[in-house]
Each structure stands twice: as structure tokens, then as C-alpha cells.
Amino acid sequence: MDYYFKLIEDCETVLKENDFGKYTVPSKEIYPHQWLWDSSFVAIGLANTNIDRAKQEVISIFEGQWSDGMLPHMIFRAKETHNDDREFWASWRNPKSPSIPTSGITQPPIVAEAIIRIGKKLPKSERLSWYKLMLPKLIDYHEWIYRERDPSNSGLAIIIHPWESGLDNSPPLLKALKEKNYTPIWLKILIALGVIRILDSFRADTKHIPKDQRATTSDLIILNLLRSRIKKNSYKIKKILSKKSFAVEDLTFNCILNRANAHVIEMAKFIKYDLDEKLIEKFTKTEKALETLWDPYKSQYFSRDYFTGNLIKEPSIASLMPLYAGNLDKSKLKIIVESLENKDLYASNFPVPSVPLNSPWFKETEYWQGPSWINTNWFIIDGLKRSKYLDHYEALKETTLEMVENGGIFEYYNPNNGHGQGIENFSWTAALCLDMTKKD
Ligand code: GLC
């Protein structure tokens, strides 16, 4: 295909540069380990160009699987790093952790999408053996999600740290976190005295990226304090929840889970694997429960605080993720699509901004508080196609590919001028663009 020829070549180069043989790092400079959803996106991209390497990427993700089924959001691969990430997490505190050091939390379960997409590219007999190899491990992960993360049997999984949504400093997540009074007095004093800058030197990311393109140091501290609380409880969910700290029925996570569940069912049918009836019931419950995240007053889906039971009514890109979830209420999906066309909301020059343009949180440079990201665009594009909004699908796909072709392969993009932001040569941008350039 000579269409996007240069872009395809650049994407392949980035993926090769970040390739460590069996796993891919998001960026050599600032993300030297393996991340769960990053690697899944990489596998989705590689499925189009190098199927064996795509399989390997997925297999390496499962090297980090805990004996209870959890897939950690990070597997620590690099030996020397700026801060000692292994000690930071100390996964060995929990006897269910594997021999390789990992984090103790998860990330959205997009790996099912990677497995099924690889499978669909394989001839039937190889597809059978691929699913036979991967499905039992994947089911263990989904079983873990329902066992550990759906304590009230509502059908919606909770996340216990904003990092588990993948959208680290997204407004609804920070809002929920700050409502728990997580800002300690010493931090409040440092902020009030305007001396928080002293702590900036401990950051690795801002050595490579302008400061205004990253999460603030005070937000990072709060996120890290929550991490250390979770670690103190050895990643044991009952203990963590008994402290009534952060727990959110996250929209992004659950939309991805719903789609992943459908993939699990399809793969199980293909290999004639008997799925546990109880698990299938849970899958159905998730689909129904997603509708309870709809707010009829704001005409939007939101995440919900698990402890208060209140929707977190702060608009963000998460509110568009039901497009990807599949099988949701058609009239609500129409409202979402209209918000994509609205110039006060998501119709920026270079869409889709991670926060609507009219939000008081919106900043065109700051991480998950404004910039357009390729993975969230990819979810929306995939959802538009499956919901048969084909013109919108084509338009957003073309705009996204052009933005990357012109702006370079970056972590995220300025939604007003399309400039690349964050770290350059970012793996999931490359992988998902490769996927989007393929013929339908
Ligand atoms: C940041 C992103 C997260 C991603 C990680 C590695 O933490 O917010 O989604 O997985 O970087 O790229």
C-alpha cells in the first residue's frame, strides 16, 4: 500500500527500536519496562506485520501473571532505572506474585482484543492452537477481575488506583482521589509556600519532556502516596477496601472489559471450550450494569465512586468509551457521536481531546487533561465502525493518521495545533497507526 507509505515505515522503525526481543517498551527514554495495555496495543499493531512477533508480545505479557490470575500493569524489565521501581512496588510482599518483579495493580483488559485479532489472522488450525494456548490464562485473568474487583457483585469492576484506568491524571479520577483527602498537610504547606518545585528534580520524565506536558508534581505525589498505601496492604483487596480509600467503577475499564468478555465468548466457542455458566452470567451483568453509569441529567456516561455510590460527574474522554464497549443503547450512542461533532466539546482541530474543550480542566498540553491520544482515538474509531457510523469512522481515522504523519510519532498531540507532545517514538502510537493503515 503506498498510501501512508512513509508513516507505515516510520511506525515499523519505532516498533523495532523499542523491541527487546520478546516484549516492547513504550519508550526507551522514560518507560523502560513492559506495560500491560501498551504491550497489548503493540501486539494489535504487530498482528498486521509480524504475526509471530505479535504472539510473542502477548506471551510475554503473561510471564507477569500472578498465581491468582491478575495481570500486573507493569513487568519490571530494565535493571537500572532512575528510581528503583522494583522496590517501589515490591510485588514479592504478596505470595501470589510471580518470580519476575511486577507492579501490584492492573490496567484495562485489552489483551483479549490482541489475542483474538492475532487469532483472526491465523489459518484455522493455528488459530485453534493459539486460542487453546492463551484462552485458559485469559479466563484466569477475567475470573480474577470478577472475584477480586467486583466485591458487591454488581457486574462492574472497581479500580483501586487511577493508574489502573490507564488515564493517570484524568479529571474524574483526580477528583475522586482528592475527595478522599489524600493531600497530606506537608504537601499542602509545600504547595502554599510555592516551593513544590524543589521536588521536581526527583522526576525522570521532565528531563526529557517540557514540564507543562506532564502531570503536576503534586498530583504525582498524591498518586504515589496511594500506591504506597496499596503496597502496605500487600496488594490484598479486602485489606485495601477496608480502608475505604480510592475505589471507582471506572467507565474506561468496564467498557474495555465488556468488549473483552465478548471476545472471550467468541474464542471459547471457536475451540469448544466450556465456559463456566457463572462467568457468563457475570459477563451479562457487566453489559447491563454499564447502563447504570448513564446520567440522564447530563446525558452522559460517567464513572462511579464505589463507596459513595455517586457518579463522578466530570466529563472526560472516558464518557466516549461506551462506543467501544459494544451493544449499548443506540440513542445514547447517538448522543456520544453528536458530542464528537460539537466544537465546544470534542470537535477540536485535531481530535479527540482527552477532556472536552469547554471543561475548566482543559489544558492543551497536559497529559490526560486535554491532549489527543492515539489509543483513545483507536477505541472510538473501532466503536464508530462497529456501530455503523461509517462516515465518522473514516473521517476520524484519516484525521488521526494525518495528525501522526505530520506531527511525528509522539505519545500524545496538542488538540489545537496537532503538534506532537510527550515522548517521541512512542510504541502504541506506532502500533495503532499501523493497525489503522491496514485495508478494511
Ligand atoms: C502512562 C500512561 C499509561 C501508560 C504508561 C506507559 O502512565 O498514562 O496509560 O500505560 O504511561 O506508556
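A residue is called buried when its relative accessible area is under 20%, exposed when this area is over 50%, and partly exposed in between, computed with a 1.4 Å probe on protein chains only. This report applies the term to a predicted model, in which local features need pLDDT of at least 70, side-chain atom pairs count only at pLDDT 80 or more, and totals for chains, interfaces and linings use all residues. Residues are numbered from 1 along each chain as its sequence is written, and side-chain values use heavy atoms, with hydrogens and water left out.

**Cysteines**

C255 counts as buried because its relative accessibility is 0%. C433 is likewise buried, with a relative accessibility of 0%. A disulfide is defined here as a pair of cysteine sulfur atoms within 2.5 Å. For C433, the closest cysteine sulfur belongs to C11 and lies 4.9 Å away, which is too far for a bond. The structure as a whole holds 0 disulfides.

**The ligand and its surroundings**

| Residue | Distance |
|---|---|
| Q107 | 2.9 Å |
| D168 | 2.7 Å |
| W368 | 2.9 Å |

On its own, the ligand has 310 Å² of accessible area, of which the protein covers 95%; such areas come from the Shrake-Rupley method with a 1.4 Å probe.

How values were computed. Polar contact = N/O pair within 3.5 Å; in protein donor to acceptor, adjacent residues only side chain to side chain.
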